[in-house]
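This briefing walks through one protein model, from its overall make-up to single residues. Please keep the sequence and the 3D view open while reading.

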Amino acid sequence: MRFVIATVLIALSAALVLIGVAIKGPFDVASRHQVDFQLDSAYSYAVIPTSTLTKFPGEVSVRASGTDEIFYADARQRDIQDWIGTSNFVRLNLTNADKPDVTVITAGGENANPEGSDMWRTAVKVKNTLNTKVDVAEDTAILLASDGFKHAPKDISVIWQVNNLINWPLVLIIGGLVLLLIGLILNIWTLRKIRKLRGPRRRIPKAPTGPKYRKRIKSDVPVRGRRRLGRKIAIVPASLITLSLLSGCAGNQQEATQTESGLPKAATVVVNDAQLQRIVREVASTVKNADTNRDEPLLLSRVAGPALETRKIQYFLQTKNKKIPKLPDIVANPITVALPMQLPAEELGWQPRTIMVVTKTETTTRNPQMLVLQQATPRENYKLWYLIDLLPTDFFPAVAAQDIGAISVDADNEYLATKLRGIPFKYGDVINKGSASKFFDMFDLSADQFYAARSQDQADNIEKLKKIKVAIRYQHSLGNPNILGMLTLESGGLVAVAMNDTSIIRPQVRGAAVSVTELDHKILLNAPGSPTGLKIVYENMMLFYVPVAGSEEKIRLVGASQGILSVKALD
């Protein structure tokens, strides 16, 4: 009987494997959809919009060929549109009948190489043939090009592959192999048992038996023969049916949950985490290489504004004297606070984009750094405008999560406690006059170490120079008009601004002169002193917390960094 069971199992396994192999082809075709686009135009950019990528369900992949080099980038669709601008391109659409539709858009703008742009979430460049999977979000689009000037790939395919919850061909093939294994094991076990039972047998006389009586068969005696065989065979199909029903229920339940709850729509920010990490890393690496070689053109590719001015002066000083040290490197990671700009829901045209990042590493005793980056145009990369050392205090305003971002603060914002352009003058007036300043009550100076040190230094210099008949006057003004800031959770503003400290020194005695003692002052003046007096300008990159108008809070200085700008003789 065991041979019969094994034979049935082997036959059933063969049937399952054959059925699985037979339906594998149609099953794969049913779970895969492909659309091929043929590009006859010679335009340099091909765009696959979000509507095309999300036309069918499943995992999306893209294949492209028809040019020696293929550049692929995926990004937010509006970012790709902003980067292309007025350049000519083709858009790969699908008609209502799901047929490929190549739309040519001409505006006559200039082309550029898309490689290396900060706009892309992911980017890759390959030779001859591209085959890549796409991480599709609700706003993802794809840009295909060569080098921005040659024609884009001419043969492009978009493939949707549905990963079914149950791969029935695979289930049948594996189930058949399992039954085959069970049948073989049963055959081997039966053969071994038969071999043990073989051998000579002697007839042993039986003892007389007593009177026979009919025993009642208990209801729990195992069923033997064909009925038992039928029950064993029925186990496997029943298990498969049960598994499929449970899986189907789970799939329906999951689909219902997603349909009812929906995916939460997060606010759109200018960069995702991968972009942010890459941008900060590239900025830090570029600045480090530029500092090592004093390479101003390289520095210009990633630094602008006050941060650029400070480093250019440092390069000049280093070329004049080897004792001048280079500025400290930028810390790229770990990023402890990331505050990217939040994009408005409606497309209002291009607006410069801002990112604020705080980094701190345990391998140095330096305070955490605040990097303030701005992207001025779509085809420019983010540049470092402000590099600010945070003050050693526990205060830092509460800001939004990275994936939510914050609204940027305009320099003429009227909802904060004061106009941002006036902060350097007002704060400088407090440094000069202390409690006598009419702006003294606007600022929280209780833990402001920068104010304490700067005001004390000014007072000491005034007294010291008065003794030798030299007058000194201090002025504080806005250093750069590009003020960058982001709103905090309390509706206040975290604002980066440049304040220039100007010292005007004049001798009060005829025939006297003002000498300089510091090495960098001598190099910039190119003289040991001046009989007419000196004008010394320092640049301060400062980070303020400015509360919302009407609040009882005061303006607080959060961070500051200082660097020399110029030393000149007075006329």
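Helices (H or I, at least four residues) and strands (E, at least two) are DSSP runs, and they are numbered from the N terminus. The model is predicted, so local features need a pLDDT of at least 70 and side-chain atom pairs count only at pLDDT 80 or more, while totals for chains, interfaces and linings use all residues. Residues are numbered from 1 along each chain as its sequence is written, and side-chain values use heavy atoms, with hydrogens and water left out.

**The protein as a whole**

- The protein has 11 helices and 19 strands.
- Of its 571 residues, 42% are buried, where buried means under 20% relative accessible area, exposed means over 50%, and partly exposed lies in between (1.4 Å probe, protein chains only).
- The accessible surface comes to about 32,200 Å², and 55% of it belongs to carbon and sulfur atoms; such areas come from the Shrake-Rupley method with a 1.4 Å probe, and for residues only the protein chains shown count as cover.
- Among contacts (heavy atoms within 4.5 Å) between residues at least 6 apart in sequence, 74% join residues at least 24 apart.

**An open sheet and the helix across it**

- An open sheet is formed by 4 strands in the order E9-E10-E11-E12, with antiparallel pairing, and two strands count as paired if DSSP finds at least two bridges between them.
- The edge strands of this sheet are E9 and strand E12 (383-389), each of which pairs on one side only, and neighbouring strands are turned against each other by 15° on average, direction ignored.
- Strand E11 (residues 369-375) runs antiparallel to E12 and is joined to E12 by 6 bridges; Leu-371 has Leu-387 in E12 as its bridge partner.
- Helix H6 (residues 273-293) lies across E9, strand E10 (353-359), E11 and E12, and runs at about 110° to E9; axes are lines fitted to C-alpha atoms, for helices over the stretch in contact, and angles run from 0 to 180 degrees between N-to-C directions.

- Leu-484 is in strand E14, and Leu-484 counts as buried because its relative accessibility is 4%.
- The residues that Leu-484 touches include Thr-354, Met-356, Val-372, Gln-374, Trp-385 and Tyr-386, when residues up to four places away in sequence are not counted.
- Leu-484 and Tyr-386 are 98 residues apart along the chain, and their C-alpha atoms are separated by 8.9 Å.

**Two enclosed elements**

- Strand E7 (residues 140-145) is largely enclosed by the rest of the structure, because 6 of its 6 residues are buried.
- Thr-140, Ile-142 and Leu-144 point one way from E7, while Ala-141, Leu-143 and Ala-145 point the other way, and all are buried.
- Strand E2 (residues 45-48) runs antiparallel to E7 and is joined to E7 by 4 bridges, with Ala-145 as the bridge partner of Tyr-45.
- Strand E3 (residues 59-76) also pairs with E7 in the antiparallel sense, over 6 bridges, and Phe-71 has Ala-145 as its bridge partner in E7.
- Helix H9 (residues 423-433) is largely enclosed by the rest of the structure as well, because 8 of its 11 residues are buried.
- The cover over the buried residues of H9 includes helix H10 (449-467), strand E13 (470-478), E15, strand E18 (534-546) and strand E19 (556-569).
- Gly-434, whose phi is positive and near 65°, follows H9.

**Backbone details in loops**

- Ser-491 is not a glycine, yet it has a positive phi of about 70°; Ser-491 counts as partly exposed because its relative accessibility is 42%.
- Asn-526 is not a glycine either and has a positive phi of about 60°; Asn-526 lies in the loop between helix H11 (519-525) and strand E17 (529-530) and is exposed, with a relative accessible area of 70%.
- The peptide bond from Asn-333 to Pro-334 is cis, with omega near 5°, and Pro-334 is in the loop between helix H8 (305-320) and strand E9 (335-340).
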